[in-house]
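Biologist: Before I trust any detail, could you take me through how such a model is read, one feature at a time?

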Amino acid sequence: MKRFREYRKDQATRDRYADVSISGEDFIYPYFIVEGEGVREPIPSMPGINRYSIDTFVEDVGEVEKLGIDKILLFGVVDDSEKDERGSKAYDPDSLICRAVRAVKAAHPKVTVITDVCLCEYTSHGHCGLLHHHDVENDATLPLLAEMAYVHAKAGADYVAPSAMMDGQIEALDRRLREAGLREKTHILSYSAKYASAYYGPFRDAADSAPSFGDRKTYQMDYRTHDQGLEEIEADIEEGADLIMVKPALPYLDIIARGVEKYPQVPMVAYQVSGEYSMIKAASQAGYLNERNIVYESLIAIKRAGAKYIISYYAKEYQQRWA
Ligand code: PBG
Ligand code: ZN
């Protein structure tokens, strides 16, 4: 008989055998940015998460930095009146996100600033690219995503993170940043294996980016597949991605683990998405689960699968209450 229980006999022994832990540098904390001043607007489907104007956002990043979190991810939320068919506000050099990047970099230069690169928050139809006959037009979208990445890079973003799931988007961004001489300074975090998931529901409220018709299944991945996620990751690495991502996180640990095993040379990011956050939050608030324990177990599972970084709406609260 092998005496496994030796590993578990007391807390100190269990700690000694633990392979995985969580710390502030593991986290990337997302922000939703809106126009205005002094705005700190709660998002109903994501209790604890707010939309911030640039001034309150910069203030909040100061708090978050003190908590040991050194990486943030920015999403722009613009008024419907600012949206058009081509998502023009996405790649305006004075866009909301460009101004937010400049402001946060000036106030907190050591924070790593990552910007989401996608058109869905900026198009009147709410799809991630240009439309042609009610479907996204892949190749015509690429230069617009590249231009969006370029204006973010120019504003000072450390990473640009294309999330549109257009084929060739990494290559298009890589080329545009090289042309501008910005590729040394600006890195690319690719949303490589992004599944067409119902877990994005609360985010679409938060960012006001729900498609006005149809769904995203012609560009985001079908989750009933074994190997397409790995093929997407491989293509992104070939096109020049510096970091790769699997999204959502907890329901897709198999893809994270296989991606890390097959491509160990490129660090893996996992996105614990809005629905994962809201489910834990709602169940905790109802008293059905112990919030700290369920968050800890979820984050540990994501790291155990091999993710190096975790994008999580829980990052700040975790560091505040449980670190
Ligand atoms: C936009 C985008 C989405 C998310 C990140 N970027 C929504 C979507 O693709 O439908 C989801 C993040 C979350 O749910 O927390 N391309
Ligand atoms: Zn999008």
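Modeller: We will go from confidence to the metal site and then to the aromatic rings.

Biologist: What average pLDDT does the chain have?

Modeller: Where pLDDT is low, the predicted coordinates should not be read in detail. This is a predicted model, and its chain averages a pLDDT of 97, with 100% of the residues scoring at least 70. Among the elements of the chain, the lowest mean pLDDT, 92, belongs to strand β7 (residues 135-136), while strand β12 (residues 309-312) has the highest, 99.

Biologist: Which residues coordinate the zinc ion (ligand 2), and what arrangement do the donor atoms make?

Modeller: For four tetrahedral donors the ideal angles at a metal are 109.5 degrees. Here the zinc ion (ligand 2) is coordinated through the SG atoms of Cys118, Cys120 and Cys128, at 2.1 to 2.3 Å. The angles subtended by the 4 donor atoms around the zinc ion run from 99 to 121°, and because four donors count as tetrahedral if all angles lie between 85 and 135 degrees, the arrangement is tetrahedral. Along the sequence, the donor residues of this zinc ion follow the spacing C-x1-C-x7-C, and both cysteine 120 and cysteine 128 are buried.

Biologist: How many aromatic pairs does a search of the whole structure find?

Modeller: A pair of aromatic rings is described by the distance of the centres and the angle of the planes. The search of the whole structure finds 17 aromatic pairs. In one of them, tyrosine 31 and tyrosine 52 have ring centres 5.6 Å apart and planes at 65°, so this pair is edge-to-face. Because tyrosine 31 lies in strand β1 (residues 27-33) and tyrosine 52 in strand β3 (residues 50-52), the pair ties together parts that are 21 residues apart in sequence. Tyrosine 31 is buried, at a relative accessible area of 1%, and tyrosine 52 is buried too, at 4%.

Biologist: What geometry does the pair of tyrosine 271 and tyrosine 313 have?

Modeller: That aromatic pair is tilted, with 6.2 Å from centre to centre and 45° between the planes. Tyrosine 271 is in strand β11 (residues 268-272) and tyrosine 313 in the loop between β12 and α11 (315-322), so that the pair links distant parts of the chain, 42 residues apart. Tyrosine 271 counts as buried at 2% relative accessibility, and tyrosine 313 counts as buried at 2%. Ring pairs also link both tyrosines into a cluster whose members include Phe27, Tyr191 and Trp322.

Biologist: Which charged end sits over the ring of tyrosine 150?

Modeller: That of arginine 176, 4.0 Å from the ring centre; over the ring of tyrosine 200 sits the charged end of lysine 247, 4.5 Å from the centre.

Key: Residues numbered from 1 in each chain as written. Chains lettered and ligands numbered in written order. Predicted model: local features only at pLDDT ≥ 70, side-chain atom pairs only at ≥ 80, totals over all residues. Heavy atoms only, no water. Donors = N, O, S within 2.8 Å, 3.2 Å for Na, K, Ca; no water. Tetrahedral: all angles 85-135°; square planar, octahedral: opposite > 155°, others 65-115°. Buried < 20%, exposed > 50% of the residue type's maximum accessible area, 1.4 Å probe, protein only. pLDDT = per-residue confidence, 0-100. Helix = DSSP H or I, 4+ residues; strand = E, 2+ residues; numbered from the N terminus. Phe/Tyr/Trp six-rings, centres within 6.5 Å; stacked < 30°, edge-to-face > 60°. Lys NZ or Arg CZ within 6 Å of the ring centre and 35° of its normal.
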